[in-house]
Amino acid sequence: RLLLLCAGHLLTDDCVGETPAMPESVIHACQPGAEGGEACTASIVSLVDTLRSVAEAQAVKVATCPDDPRLSPLLAKTILWFFARWGPAYLLPSSDEYRENGDGGMLGAYSTADAARPAVSFCATLCLLYLCHWPQEKEVVEESASLLLELAKRGAATRELMVDSPSFGRMAALHSVCASLRHNASPHEMSAAVAAVGGDLSMDTVRGYQRLPYDDRARVLTCLVVACSEMSNEKATTMLNGCMRAVEAPFSTLVQALGNKQANPKDINVQESACLSILLYGGIVL
């Protein structure tokens with residue numbers, strides 16, 4: 001974990017409130033014309049690939065055996081923290097944002113959609129695994145949502161890569177399935193929700209996502225809304241509309257049932273459904 005922290009502080013700056021960017025020292029050291037520039041670029045790419053392998057190994061074990069006491073939520077949080085700082089700064093960088101605005105070196109390592117696509121897909125898959133298999137690890141879930149949101153805010157090109165990721169599509173489908181599911185939803189309700197949405201979602205994955213606290217489901221919805229905000233992208237628009245309908249439909253049904261006296265406002269399930277809908281609408285607004 002300490003090595004991850006060192007790598008994060010060495011390769012990235014804290015860019016809260018600012019446009020994420022690579023440190024000038026990294027750009028300068030990796031310039032093709034500089035002594036050892038190409039070797040420096042190769043070393044950083046190799047280091048990031050190694051960290052991705054570590055992250056993948058941990059996430060796969062979490063998906064296989066989430067209750068294994070040898071697995072570390074703190075390590076997972078640190079991994080997510082690293083990629084939330086690294087991804088927005090290094091993936092699809094704009095050379096106009098840097099003094100040394102050449103196309104080579106570190107600026108060229110992930111400058112194309114083909115080069116950045118595997119990293120974006122990896123981040124989406126990593127977050128999906130943690131959301132579904134460690135839904136009660138609050139700090140891990142919050143860091144997963146933070147990583148998704150930081151990538152989504154980076155720019156239109158990054159958002160398009162997110163929408164194209166199969167894992168991101170499954171995340172949107174899970175939201176659509178679980179938008180009406182309370183924590184105490186019956187197996188019949190879950191099966192009906194899965195059948196209504198369709199897709200290749202497993203019941204274990206749905207149960208995991210359903211266990212997410214409602215405010216964390218709202219955070220994920222915020223990420224989905226931001227990532228699908230490119231109106232010129234037909235796939236993104238379809239995904240966004242599906243996410244919105246999944247929130248609107250159960251809320252409208254609930255309001256109608258209350259208005260027609262078909263639901264008791266003092267019923268605990270009715271109250272919980274109302275809380276879920278309100279928090280999800282908060283995720284859209286935010």
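Predicted model: local features only at pLDDT ≥ 70, side-chain atom pairs only at ≥ 80, totals over all residues.
**Exercise 1.** Work out how helix α3 and helix α6 are oriented to each other, and which residues make their contact.

*Solution.* Start with the helices themselves: α3 covers residues 37–64 and α6 covers residues 113–133. Next, look at the geometry: their axes come within 9 Å and cross at roughly 30 degrees. Angles under 35 degrees count as roughly parallel, so α3 is roughly parallel to α6. As for handedness, this crossing of α3 and α6 is left-handed. Now for the residues. On the α3 side you'll find R52, A55, E56, Q58, A59, V62 and A63. On the α6 side, the contact uses P118, A119, F122, L126, L129, Y130 and H133. Sort them by class and you get ten nonpolar, two polar and two charged residues.

**Exercise 2.** Find the residues with the most contacts inside the largest nonpolar core, then pick out what W86 touches.

*Solution.* The largest nonpolar core holds 87 residues. Inside that core, F83, W86, Y90, Y130 and V206 have the most contacts. Which helix gives the most to this core? That's α6, with twelve residues. Now zoom in on W86: leaving out residues up to four places away in sequence, W86 touches T12, V48, L91, Y110 and A119.

**Exercise 3.** List the buried residues of helix α11 and say which helices they pack against.

*Solution.* Go through α11, residues 203–210: T205, V206, G208, Y209 and Q210 are buried. Then check their partners: these buried residues pack against α6, α9 (166–178), α10 (187–197) and α12 (214–227).

How values were computed: Residues numbered from 1 in each chain as written. Heavy atoms only, no water. Axes fitted to C-alpha atoms, helices over the stretch in contact; angles between N-to-C directions. Helix = DSSP H or I, 4+ residues; strand = E, 2+ residues; numbered from the N terminus. Parallel < 35°, antiparallel > 145°, perpendicular 65-115°, else oblique. Left-handed = near helix turned anticlockwise from the far one by under 90°. Contact = heavy atoms within 4.5 Å. Nonpolar A, V, L, I, M, F, W, Y, C, P; charged D, E, K, R; others polar. Buried < 20%, exposed > 50% of the residue type's maximum accessible area, 1.4 Å probe, protein only. Core = buried A, V, L, I, M, F, W, Y, C linked by side-chain atoms within 4.5 Å.
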